[in-house]
Structures are given as structure tokens and as C-alpha cells.
Amino acid sequence: MDDIEKKLVDYIEKNKNDYVSFLQKLLKVPSLTGEEKDAQVFVANELKAQGFSVEMFEPDVKELFDKYPQIAQIPSLWNPEYDMPLKTNDVFTYAQLMESKFDKNKSYKDRPNVVAKLPGSGGGKSLILNGHIDVVTIGDRAKWTHDPWGAEISDGKIFARGATDMKGGIAAMIKAMEAIIKSGVKLRGDIMMQTVVNEEHAGNGALACVAKGYKADAVIITEPTGSSNVNIESGGGVYWEIRLKGRETHAGCRWDEREQYGISAIEKTPLIINKLLDMERSLNKDAPNNISLCVGMIKGGTYSTSTALECTLNGVAYFSANLGTGDEGLIKVKNLLKECVKNIDDPWLKQNPAEILFQHYDDAYRMGDNGKEILSTLISSGKDLGKDIKTGKMSACDARHIGNKGKMPVVVYGPGCPKTAHSADEHIYIDDYINVIKVLAVTIYRWSK
């Protein structure tokens, strides 16, 4: 490490209590998906105070569907009735959204992205630091032993909704840049900070930044990986619903002599499930975890002595980049799911075919050769700070939009353990948070100097 890097690390160490306090303040501003504005104003004010020029803009839903018809999603909110409210048999459309009854989902009014720019002196490589400000619902409050919005410290951890996913990452990238600025370090490359809305069940905030044409030589997304891991691949996911029909009658009338009259839609579900599981086994035969299929819910019937007129299966198929990235992989997985409900060897289902609909979908991303330089810069920074950073992969995140549609190399590196995300008593280790700030500060300096 050179003298400037040592200066940065010393500055962070001396100010780590202030950095913890900043994260606590950010965590105390609720930012549930759909209610991000107050937290975005908090972030914007902090970045303005650091000397960034700050823009706040609301994503344009029509623009996203016009530019990215295969991947643009319906805006979502944390409330159950507004989270993935529509279904489609192929892709969502702007017309479908406008014709729906879900007025709250039709725009991003009062849900702004924050984009902050700090120009370099010239000649250095540019960098985007990106994170999403929205957090999921707290769920059952009784299951929390700490106030979800209290940012309480206990046993070296900060407890709050969003501590790991991912306000810890947002605070880390902000404070890494603060350390650089206040240490008097001059960068040659331009730095852009993006805090985006609606990553959860949409990703439209990051996609809107791509649509506006923001570019850099590399991108670091500070989703939680822990300070000893960096992810260079993210999987995709398809949330699906399968609807089956039956013929309703009293149980005593199920048989008409030797001919079956009453057909319960529920009794047809094993045929669908087994075909889905056969597909999963086949795809995972040579490469485990190519696809992870979950049948999460079954709903059907109205009375125990009546054959069910309808039955619905809901689930998700997470898939790896091995099955394809971007639009190509997503279309492939959707088609695989469609095939599982077609041509089943059953007389009733041939006459009354099951219907499959999609509630949400993400494409997969894999870093290419263009990302090797930012990856090696981050890993070497960590090594010089005593961190043996290993590469890995994760489930869907905004890397897919910035990498696939934005055509920029993306790595994912941020504080926190992903296993605590979306759970009661979500928390982040303070040491991990501070270590990431150090690694980010050195990485930014080395990349942009």
C-alpha cells in the first residue's frame, strides 16, 4: 500500500464511530418499497454536502417498457396487494398496466432515483457505485427482538430492516467516498453514485439509470456479499402461476356407473408437479443448481365433499447463468416452464389444458472478460488490507440490468451476510461494514487515480 492508501485507511479507522452513526441514521428512515422518498432525500443531502452534483429523477415507466420490452417490470410496492399485482402469459406491457385497476403501480411519483456525480481531474477510469434504497416489509413485528427501525447496537451488530439489504452497502459506498474527499485525495476518473428505488420485485430503478444513458468504465454494486466475497454472477428467476380446471360435483356423484364425472382439479396437480420436477432433475443432471424449482403454494377447492372446480399452483424457478443470460436465458426458462404444462398424457388435461402465467421475472448476468480489471483491482485492494476475497455468485440483483442492458462490467461487493436479509432481526456486523469501507476506498483510489 502506498502512503495515500495508508492515509485513507487511517482516516476511516479514526472516523469509524461517525460512520456507524451515519448508518444508524439512514436505517432509522424507513424506506419500504414504494415509500423511498424520505431516505432518498437523506442520501441526496449527504452527497451534496460532500460536494457531489446531485440529480433526482422518477423512473419513466413507459420509457422502460418501450426500450426493454422483454425485461421491464410492473412497479411494485411492499403492500401485498400491490406486490406483483398483475400476471401475464408472456411479457408485461405498458398497455396492460394502464388498463389495470392498480393506479398506485402506474408510475414512480414521489419515488425518485438519486444520481450524484463527482468529476475527476481527467485521464483516469470512471466508476459507478450503485445500491438500492428500498427495503422489504418487516413482516411479523412480534418476531423481532429489536425495533426494526431502531438501528440498535448489540454484540457488535446493528439491527434494523435494511441493515444488510442494503443500506449497509449504500452507507459504505458513501463513506468510502467521504474518506477520499476529506483526506484530500484527488481522483483522475469521474465517480458516480446511484441509489435507486424498487429493486425488490422489479429492478426498474437501476433499469431507469441505464435508460438515461449513464455510463462508466466499471460498476460496483454494494449488495451484501460480506467483506471477504465478491460476486461476478447473478442468477435469474421466474415467478409462475399454474391454473388447473376440474368438474365440480358432490363426492357422491363423482362416478356415473363406470364413468368418472366429478374431476377434482387438485387431483391433477401431481401430473404437473412431477413434470416440473423431471425438468429440474434433467437440467441439474450434469451441472447442479442450473435451476432450483420451488412449488410454494397450492390453493384449490371449496368444500371437502365437492370435487374442486379450480386449483392454482404458485412457485418460482431460480436459474443460473449457465442456462443463458439476458433476454435469451429468460425466454429459454419461460419456454421450459410452458412445456411442462403442455402435452401431458392425461385425457382431462388434453381437453382442459392447464394455463401458466408469470408474475415476475429476472434475467441472469455473468461478468465477462471486460470485468477482469475492476475485479483484480478490488481483490488486490482487499489482499493488501488482509482480506482474502473470493469470487462467487448470487441470486438476482440489479447487476443484470447494468451488465446486460448497460453493457458495463459489474462486480458485486458490499457488507453484510445475505442470509440475514428479509428476515426478522436483520443485522449487520459493524466490523464487516468498516472493512468494506476500507476496501472500497482503496479500490476507488486505485481504479480512478
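The largest pocket has a volume of about 850 Å³, a pocket being an open set of points on a 1 Å grid over the protein atoms alone, where a 1.4 Å probe fits and protein lies on both sides within 12 Å along at least five of seven lines; the volume is the space filled by probe spheres set on the points, which are joined across faces, edges and corners. The model is predicted, so that local features need pLDDT of at least 70 and side-chain atom pairs count only at pLDDT 80 or more, while totals for chains, interfaces and linings use all residues. Residues are numbered from 1 along each chain as its sequence is written, and side-chain values use heavy atoms, with hydrogens and water left out.

Select Val136, Asp165, Glu200, His201 and His422, which are the closest to the centre of the largest pocket among the 43 residues that line it, lining residues having an atom within 4 Å of a point. Next, colour strand E8 (229–234), strand E14 (355–362) and strand E16 (390–394), the elements that each give two or more residues to this lining; strands (E, at least two residues) and helices (H or I, at least four) are DSSP runs numbered from the N terminus. E16 supplies the largest share, 5 residues. By class, the lining has 16 nonpolar, 15 polar and 12 charged residues, where Ala, Val, Leu, Ile, Met, Phe, Trp, Tyr, Cys and Pro count as nonpolar, Asp, Glu, Lys and Arg as charged, and the others, Gly among them, as polar.

Of its 14 lining residues, Gly235, Asn289, Lys393, Met394 and Ser395 lie nearest the centre, and the lining divides into 5 nonpolar, 7 polar and 2 charged residues.

Now move to the open sheet of 3 strands, ordered E4-E5-E18 with antiparallel pairing, two strands being paired if DSSP finds at least two bridges between them. Strand E4 (152–154) and strand E18 (427–429) are the edge strands. Between E4 and strand E5 (residues 157–159) there are 3 bridges, and Ile153 stands opposite Ile158 in E5.

Finally, show helix H6 (residues 163–182), which lies across E5 and E18 at about 50 degrees to E18, with axes fitted to C-alpha atoms, for helices over the stretch in contact, and angles running from 0 to 180 degrees between N-to-C directions. Helix H13 (residues 430–448) packs on the sheet, touching E4, E5 and E18, contact meaning heavy atoms within 4.5 Å.
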